[in-house]
Amino acid sequence: MDELPARARALVARHPRDARLRRVGTSRAGTPLWLLSVGHGSRHALVVAGPHANEPVGGGTVLRLAERALADPRLCEGADATWNLLLCLDPDGSRRNEGWLAGPYTLGNYFRNFFRPGFLEQPEWLPDGADGAVLPETRALLDVQDGLRPFFQCSLHGVDVGGGFVELTRDLPGLDRRLAQTAARLGIPRELGPYDTLYWPTLGPAVYRIPPPRRGDLAAAITEAAVESTWFHPHRYGTVTAVVEAPMWGVTAVEDDTPPTDADAVLRAISRTLRHDTALLQDILARVRPSVSTGPDAARLLAPVDDYLLVGPGIADSWDPDTHDAAPRPLPPLDTARLTALAISARRVALRTAGLLHQLVTRSGHDPARALPELDRLIDDWCADYRDGHGARWIPVARQVEYQSRVVVAAFELAGRHARVNVHSAESGWGSEPAVPMHRE
């Protein structure tokens, strides 16, 4: 986490006329939130890295975008644009993932060191609306959005296992073709039916329309992104928001659009497995909770565990052909790509929960319930299913960054053609704190 602002400061030192680094807020743990701005155009693009703590690719992407914007006049002067790059929205959560960030890049190392806060502590969500936002990271982002009124906003996310895709608040015709070209050149699989977008309109292969916000219960909010969020907050300014997902471990089958032999049989198997895994993990949690509840960071680790165990049975019921007929929405047509994505998502819920439980027990310093050997076995078996059953293969970081940065530039160029012009300068008078260049602090 310390490397990002250091590299941004070095970039500003090399380009003092065209690059600025400003502190726009402070995290809950007192970590500065830094905004790197490149260019002097009247139209603003806002790119947010690190909104989810376990998705680090955005940090490298914003630095790559800054370099591209400085090197290519078409991205700044030619577009009358300023690029505003938030280095990391959740630096505290991201720091908790440093156990795997230095490698080795194996699925087992990733899930044993995985951290993502509970839903109510994720700064992009607005469960109580913008006026009710209490997280300082959220308030800082809202202030930046209201100050910049960007014509284009991009939220940088990472898929741990699967493929790349984009979610949009407004259609950007042609983005699906640009995404396909980039994915083909870099060998990145496109996810043609992500779990996140199960009920969303498709704008093109691997491009989906985010529905307008709607209120729902906690389980729905955790499993569906169509809730009030910072993605939609600047919608009032004519902003188009793109959520760009880049995979860490790629799975070829997520872009296989062939019809399955027996979709219902696959769904039954996925649902049955998820119920079984959830029951195992609920039993482990019941055994270890008395001994870990007072341990270091117990509350922060237990919150996402409780979230995942809450939604697991409901997800299984919503997919099971024997039970989903009673659900409020029928499942969309299912091809091999979407069935693969559902199987990966079900396994993800279990693996994240097991990894967090593993950390809880390890950090407590004792294991009276003898849960660690069982958790190690489950994590190894489930990671083997990803690796051997789905063919999950690590994508080098440089390739993840290049893919994500190219997709962002494509969306930026298309948004510049289709979005209305917002003339607004943020050079003074905006932000949650005084704009102080980092290299002068």
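Q: In this predicted model, what makes helix 7 (residues 175–186) and helix 13 (residues 397–418) count as roughly antiparallel?
A: Their axes come within 10 Å and cross at roughly 160°. Anything over 145 degrees counts as roughly antiparallel, so that's the label helix 7 and helix 13 get. As for handedness, helix 7 passes helix 13 in a right-handed crossing.

Q: Which residues make the contact?
A: On helix 7 you'll find Leu 175, Arg 178, Leu 179, Thr 182, Ala 183, Arg 185 and Leu 186. Helix 13 brings Arg 399, Glu 402, Tyr 403, Arg 406, Val 407, Ala 410, Ala 411, Glu 413 and Leu 414. Sorted by type, that gives nine nonpolar, one polar and six charged residues.

Q: Why is the pair of Trp 249 and Trp 394 called edge-to-face?
A: The ring centres sit 4.8 Å apart, inside the 6.5 Å limit for a pair.

Q: What does the pair of Trp 249 and Trp 394 tie together?
A: Trp 249 belongs to strand 9 (residues 240–250) and Trp 394 to strand 10 (residues 393–394), so the pair links parts 145 residues apart in sequence.

Q: Why is Trp 249 called buried?
A: Its relative accessible area is 3%, and buried means under 20%, so Trp 249 qualifies.

Q: And what about Trp 394: buried, exposed or partly exposed?
A: At 24%, Trp 394 falls between the 20% and 50% cut-offs, so it's partly exposed.

Conventions. Residues are numbered from 1 along each chain as its sequence is written. This is a predicted model: local features need pLDDT of at least 70, side-chain atom pairs count only at pLDDT 80 or more; totals for chains, interfaces and linings use all residues. Side-chain values use heavy atoms; hydrogens and water are left out. Axes are lines fitted to C-alpha atoms, for helices over the stretch in contact, and angles run from 0 to 180 degrees between N-to-C directions. Helices (H or I, at least four residues) and strands (E, at least two) are DSSP runs, numbered from the N terminus. Angles under 35 degrees count as roughly parallel, over 145 as roughly antiparallel, 65 to 115 as roughly perpendicular and the rest as oblique. A crossing is left-handed if the near helix is turned anticlockwise from the far one by less than a right angle, and right-handed if clockwise. Contact means heavy atoms within 4.5 Å. Ala, Val, Leu, Ile, Met, Phe, Trp, Tyr, Cys and Pro count as nonpolar, Asp, Glu, Lys and Arg as charged, and the others, Gly among them, as polar. Rings of Phe, Tyr and Trp (its six-membered ring) pair if their centres lie within 6.5 Å; planes under 30 degrees apart count as stacked, over 60 as edge-to-face and the rest as tilted. Buried means under 20% relative accessible area, exposed over 50%, partly exposed in between (1.4 Å probe, protein chains only).
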